[in-house]
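Have the model open as you read.

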Amino acid sequence: MIEEGAQGNPLMMTSSSASTETPFKHACPQRRNATAYLNSRSIGLFSSDPGKLLRKNMSLLRQIVLQDTTHFTNVWTRHSKSPIAYESGRIYFENYRCCYSSIPPKPLQLYELPKRAKSEKIEDALLCQCPLDKTLPRPSDHKPCLLALTANNWLYCYSTTTGEQLQKVFLSPRYKFRYLGWDVPQQTLFMKSARVLPV
């Protein structure tokens with residue numbers, strides 16, 4: 001039978017054939033299989049809302065990291081005095097001067113650009129990749145490239161696999177450019193100037 005409290009709410013279950021009271025037992029939530037989750041996500045079973053996807057992804061990452069059977073091994077270490085950037089499987093150090101591929105089990109160095117004077121250091125960079133549905137004038141234009149804006153107002157274009165300098169353009173003797181960006185609706189590259197240089 002079910003015993004009720006003063007407010008008429010059920011408190012616990014008791015058996016008519018035994019006097020021992022047994023409280024409700026809540027089943028422990030089971031961990032969801034990570035492979036099943038990723039397969040479901042790949043075929044679009046989850047909401048496309050970025051916030052919900054981020055929460056689900058972080059929840060899965062937390063589940064993998066915190067499980068008792070997970071062990072981590074230090075396979076590679078590198079320190080950098082400047083911020084470390086990551087783009088499309090590549091890790092950039094020293095203001096995009098050194099590039100490593102993160103695809104192998106141990107990061108592999110792809111290239112290292114020559115050291116430059118402080119007046120020629122890279123201020124900002126942008127990774128550019130050609131859309132698959134467009135045809136560009138040259139076959140080389142379809143390959144990913146790294147655009148680098150330097151402190152002396154030069155815009156360089158480097159190969160993302162070899163670090164080879166493909167092109168360079170001097171921007172302006174009057175305006176000091178500091179930032180690179182990409183306008184998504186207009187599909188256009190833009191640069192922001194910080195100040196006007198003295199004539």
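Phe 170 is partly exposed, with a relative accessible area of 38% (partly exposed lies between buried, under 20%, and exposed, over 50%, using a 1.4 Å probe and protein chains only). This is a predicted model, where local features need pLDDT of at least 70, side-chain atom pairs count only at pLDDT 80 or more, and totals for chains, interfaces and linings use all residues. Residues are numbered from 1 along each chain as its sequence is written, and side-chain values use heavy atoms, leaving out hydrogens and water.

**Aromatic pairs**
- The structure holds seven aromatic pairs (rings of Phe, Tyr and Trp, the last by its six-membered ring, with centres within 6.5 Å; planes under 30 degrees apart are stacked, over 60 edge-to-face, the rest tilted).
- One of them joins Trp 76 and Tyr 100, whose centres are 5.3 Å apart with planes at 55 degrees, so this pair is tilted.
- Trp 76, at 26% relative accessibility, is partly exposed, whereas Tyr 100, at 10%, is buried.
- Trp 154 and Phe 170 make a tilted pair, with 5.3 Å between centres and 55 degrees between planes.
- Trp 154 counts as partly exposed at 24% relative accessibility.

**Cluster**
- Trp 154 and Phe 170 belong to one aromatic cluster with Tyr 156 and Tyr 158.

**Charges over rings**
- Arg 78 lies over the face of Phe 93, 4.7 Å from the ring centre (the criterion is NZ of Lys or CZ of Arg within 6 Å of the ring centre and within 35 degrees of the ring normal).
- Arg 174 has its charged end over the ring of Tyr 175, at 5.9 Å from the centre.
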